[in-house]
Amino acid sequence: DDNKNSYVPSHSGTYHLTAWNAEGCSAKQNIDVTMNELPPLSLTDVIVCDQTPYQFTAPAGMTGYLWHDGSTSSSFMMSHPGEVSVKITDANGCVNQDMAKLGWYAKPNFVSADDFSVCEGADHTIVADASLSGFEWFFDDGVSVKNLNNNSHQYKYVASQTAVSGTFIIKAKDLNGCEVEDRVQMTVLDK
């Protein structure tokens, strides 16, 4: 358009400029324009296990980083659910920005069994939620913690194994792969 005093190029190339002054004299100039791509940036929404921090990372090699909180490193550690955003600048001065959300899976209510009392010589089976996986069972007698080497959702206490009161510690993973833990107090009663 001959009547514009400015122009925003849409692609790289050589643009020809002709300008006229008030007396009708013209001047011509060729202007080479290079359109640079925006620096690549793609933050992704993430959901992690409850109370688990997550590190968002922007592409390496940028000349500038500016996170929502004013920090300027290439990565940002989120320690609670919420939104994160970053603005990056590349060597050409091109700027791109993106945002993402961090969420936490709800911590499951993991109650494997009630505390119990057992008489010396008696057996007792503790049953945990079978929908969980990766079970690990431990017994804490107040002096040491012993791995019971059991990966099932249930554990059968046999009185001959332990003659003292203590706490069973049951660890497992929920459907999201998040760790859960419960403790069941066992009291051994005298005969």
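Tutor: We start with β5 and strand β7 (residues 82–89), which pair in the antiparallel sense. This is a predicted model, in which local features need pLDDT of at least 70 and side-chain atom pairs count only at pLDDT 80 or more, while totals for chains, interfaces and linings use all residues. Residues are numbered from 1 along each chain as its sequence is written, and side-chain values use heavy atoms, with hydrogens and water left out.

Student: In what order do the 4 strands of the open sheet stand?
Tutor: The pairing in this sheet is mixed. Its edge strands, each pairing on one side only, are β3 (46–48) and β5 (64–67). The twist averages 25° from one strand to the next, with axes as lines fitted to C-alpha atoms and angles running from 0 to 180 degrees between N-to-C directions. The order is β3-β8-β7-β5.

Student: Which are the edge strands of the sheet of 5 strands?
Tutor: That open sheet has mixed pairing and the order β9-β15-β14-β11-β12. Its neighbouring strands are turned by 30° against each other on average, direction ignored. Pairing on one side only marks the edges, β9 (116–119) and β12 (145–147).

Student: Which residue of β15 is the bridge partner of I170?
Tutor: β14 and β15 run antiparallel and are joined by 8 bridges. In β15, the partner of I170 is D182.

Student: Where in the chain are the two cysteines of the disulfide, and how many residues apart are they?
Tutor: The structure holds 1 disulfide, a pair of cysteine sulfur atoms within 2.5 Å. C49 and C178 form it, with their sulfur atoms 2.0 Å apart. C49 is in the loop between β3 and β4 (54–57), and C178 is in the loop between β14 (166–173) and β15 (179–189); the separation is 129 residues.

Student: Is the disulfide left-handed or right-handed?
Tutor: The torsion about the S-S bond of C49 and C178 is about -95°. The disulfide is therefore left-handed.

Student: Is C178 buried or exposed?
Tutor: Buried means under 20% relative accessible area, exposed over 50%, and partly exposed in between (1.4 Å probe, protein chains only). On that scale C25, at 46%, is partly exposed, and C94, at 15%, is buried. C178 has 5% relative accessibility and counts as buried.

Student: How far apart are the C-alpha atoms of K4 and C178?
Tutor: K4 is found in the segment before β1 (13–20) and is exposed, with a relative accessible area of 54%. K4 and C178 are 174 residues apart along the chain, and their C-alpha atoms are separated by 62 Å.

Conventions: Pairing = 2+ DSSP bridges.
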